[in-house]
Amino acid sequence: MTIPMSVPKASNERAQELRENLQEIRQRVQDASASSSSGTRPKLVAVSKYKPSSDIMVCYEDGQLDFGENYVQELVDKAKELPLEIRWHFIGTLQSNKAKVLAGIPNLHTIQTLSSVKAATALNKALASSTSRTSPLNVLVQVNTSGEDAKSGLSPLSSSSSIAESDLAKLVKHVIANCPHLQFQGLMTIGSLELSLHASETEKNADFEKLRETRDLLQEWLRGEEFAAKAQWGSAEHGGNLVMSMGMSSDFEAALKAGSDIVRVGTGIFGQRKMKEEVKAERVKTAVTV
Ligand SMILES: *Cc1c(COP(=O)(O)O)cnc(C)c1O
């Protein structure tokens, strides 16, 4: 059994910087969502990958409860030493062999990157035998709206294709019908960096439009399917509707205007991240000097 370590404190200067950044992002989220159509309050997930637990504590003490992490081990380590009230969102590449470890995190709130039947089955099974969790784990299915090879996720839907035959519908049906320990809540996309950086203020972002169209088609399809009529799906906070997670530091305002319910902001709150290699080298160095 590991005893939780106490988290080192951020310097006063760093704490002030984080609180100011958080305040600014909150204000921008509020301003952008005031002009959107969805009506419900969007959720801000602070993406803390590569950032120390001391940074997370500052945001937590400032009222931020939702945090996103990309790497399973980093998430496990942070979840162990940080408050249980934190709602962790896993937003990294999901591998079936990590299902057990993830299912063991008591305050893992949502997996936003589900994209295979195999991973859903593995997660459901691991959750069934997990003693550290009582409520179902929320999942969002990742959609590769930009069609880039390097991005994970399933193909978006279009009105001309057969929805029931799509990988997306098959996965969603599997989760709703066969995975009682998972709660299907909606869809997530990352989108192309190109589109997000170069879209002008007025121009619509094609990735966000595609996720929205996919969400609408999927929701309409689910409403007509018997397996779905008997089950719970969607988000309780959003009146049983499917939610969309889209928008990062460079494009969350455009995403909110397109109807996003969850934005994932890292750099805008925590500043630039180091490269993976630098972080690794630093860990090795501390391990040696301590
Ligand atoms: C890193 C990451 C983010 C945050 O990106 P920023 O540009 O730093 O805001 C959001 N979503 C996913 C899936 C990420 O991997």
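This is a predicted model: local features need pLDDT of at least 70, side-chain atom pairs count only at pLDDT 80 or more; totals for chains, interfaces and linings use all residues.
Residues are numbered from 1 along each chain as its sequence is written, and side-chain values use heavy atoms, with hydrogens and water left out.

Me: How many salt bridges does the structure hold?
Reply: A salt bridge is counted where a side-chain nitrogen of Lys or Arg lies within 4 Å of a carboxyl oxygen of Asp or Glu. Arg14, Glu17 and Asp55 are linked in a network of such bridges. For the structure, the number of salt bridges is 11.

Me: Is aspartate 66 buried or exposed?
Reply: Aspartate 66 meets arginine 87 in a salt bridge, at 2.8 Å from N to O. Relative accessible area, found with a 1.4 Å probe on protein chains only, is called buried under 20%, exposed over 50% and partly exposed in between. Arginine 87, at 30%, is partly exposed, whereas aspartate 66, at 4%, is buried.

Me: How far apart are the closest N and O atoms of arginine 28 and glutamate 24?
Reply: Arginine 28 is partly exposed, with a relative accessible area of 26%, and glutamate 24 is partly exposed as well, at 43%. The two residues form a salt bridge, and their closest N and O atoms are separated by 3.2 Å.

Me: Which residue bridges to aspartate 216?
Reply: Aspartate 216 is partly exposed, with a relative accessible area of 37%. Its salt-bridge partner, with closest N and O atoms 3.0 Å apart, is arginine 215.
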